[in-house]
Amino acid sequence: MKEKPDETAKRLAKTRGYSYPEWEYLAEKDAEFLEAYNRLSGLSLLHEGFSTDGKQLPAKYRELVAIAAMIGQARMWGVKPHMERALRLGCTEQELLEALETALTPVGSPPFRQALNILMQVTGWQPAAERKKGPPRKKTAKTKKIKKSA
């Protein structure tokens, strides 16, 4: 039985660890092309289920190369899922940061800063002023009364 388009997209998301709506579109419109595309991507980034035999560059470093290439092309929409996958594969935050720093000279400051912002989101980093605020206070009956009387 042929796989349904949404099942194909879910399978690809599972092997890659991230998903794009374009995969579901391709699964529906041209499943054969999507399979060929996925095989090429899987071989280049060593997605789950692809052989690593004879490969010298581990998947986590392949993700760093992909991230640098994406920011060089200003394709920021793909950076976050690749950063998240790199972290799952064992990359450290520092390795991600240094990959971005390495890309600064060839890609320039604006894409570098955008990628830094994405790294900050992925790692949950906040500026000191935000960290000092702490979690938002819960409203209690006492704080509601104070506001009413003021």
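Which residues does Leu-34 touch, not counting residues up to four places away in sequence? Leaving those neighbours aside, Leu-34 touches Thr-8, Leu-12, Trp-23, Leu-26 and Ala-27, where contact means heavy atoms within 4.5 Å. The model is predicted, so local features need pLDDT of at least 70 and side-chain atom pairs count only at pLDDT 80 or more, while totals for chains, interfaces and linings use all residues. Residues are numbered from 1 along each chain as its sequence is written, and side-chain values use heavy atoms, with hydrogens and water left out.

The overall architecture may be described next. The protein contains 9 helices and 0 strands, and its pattern along the sequence reads α-α-α-α-α-α-α-α-α. Helices (H or I, at least four residues) and strands (E, at least two) are DSSP runs, numbered from the N terminus. Of the 150 residues, 31% count as buried; buried means under 20% relative accessible area, exposed over 50%, and partly exposed in between, with a 1.4 Å probe and protein chains only. Among contacts between residues at least 6 apart in sequence, 49% join residues at least 24 apart. The accessible surface comes to about 10500 Å², of which 56% belongs to carbon and sulfur atoms. Accessible areas come from the Shrake-Rupley method with a 1.4 Å probe, and for residues only the protein chains shown count as cover.

Leu-34 itself is found in helix 3 (residues 31-45). Leu-34 counts as buried because its relative accessibility is 0%. Between Leu-34 and Glu-22 the C-alpha to C-alpha distance is 9.7 Å, with 12 residues separating the two in sequence.

Helix 3 also takes part in the largest pocket. Of the lining of this pocket, the largest share, 5 residues, comes from helix 3. Helix 2 (21-29), helix 3 and helix 4 each supply at least two lining residues. The lining comprises 17 residues, of which Tyr-37, Ser-41, Met-70, Arg-75 and His-82 lie nearest the centre of the pocket. Its volume is about 320 Å³. Rolling a probe the size of a water molecule over the atoms shows where empty space is left. On a 1 Å grid over the protein atoms alone, a cavity is a set of points where a 1.4 Å probe fits but cannot get out, and a pocket is an open set with protein on both sides within 12 Å along at least five of seven lines; lining residues have an atom within 4 Å of a point. Grid points are joined across faces, edges and corners, and a volume is the space filled by probe spheres set on the points.

The loop between helix 3 and helix 4 (59-72) holds Leu-57, and Leu-46 has its place in that loop as well. Leu-46 has a phi near 55°, a positive value in a residue other than glycine. Leu-46 is buried because its relative accessible area is 8%. By contrast, Leu-57 counts as partly exposed because its relative accessibility is 39%. Leu-57, Tyr-61 and Val-65 form a nonpolar patch on the surface, with about 250 Å² of accessible area together. Patches are made of residues with over 30% relative accessible area and no salt bridge: like charges are joined within 9 Å, nonpolar side chains (Val, Leu, Ile, Met, Phe, Trp, Tyr) within 5 Å.

A positive phi, near 60°, also occurs at Ala-74, a residue other than glycine. Ala-74 lies in the loop between helix 4 and helix 5 (79-88) and is exposed, with a relative accessible area of 54%.

Charged pairs complete the account. A search of the whole structure finds 5 salt bridges, each a side-chain nitrogen of Lys or Arg within 4 Å of a carboxyl oxygen of Asp or Glu. Glu-63 forms one with Arg-85, the closest N and O atoms being 2.5 Å apart. This pair links distant parts of the chain, Glu-63 in helix 4 and Arg-85 in helix 5, 22 residues apart. Both Glu-63 and Arg-85 are buried. Leaving aside neighbours within four places in sequence, Arg-85 is in contact with residues including Arg-16, Tyr-18, Leu-46 and Glu-63.

The side chains of Lys-133 and Glu-130 likewise meet in a salt bridge (3.4 Å, N to O). Lys-133 and Glu-130 are separated by about one helical turn because they are 3 residues apart in helix 8 (residues 128-133). Lys-133 is exposed, at 61% relative accessible area, whereas Glu-130 counts as partly exposed at 37% relative accessibility.
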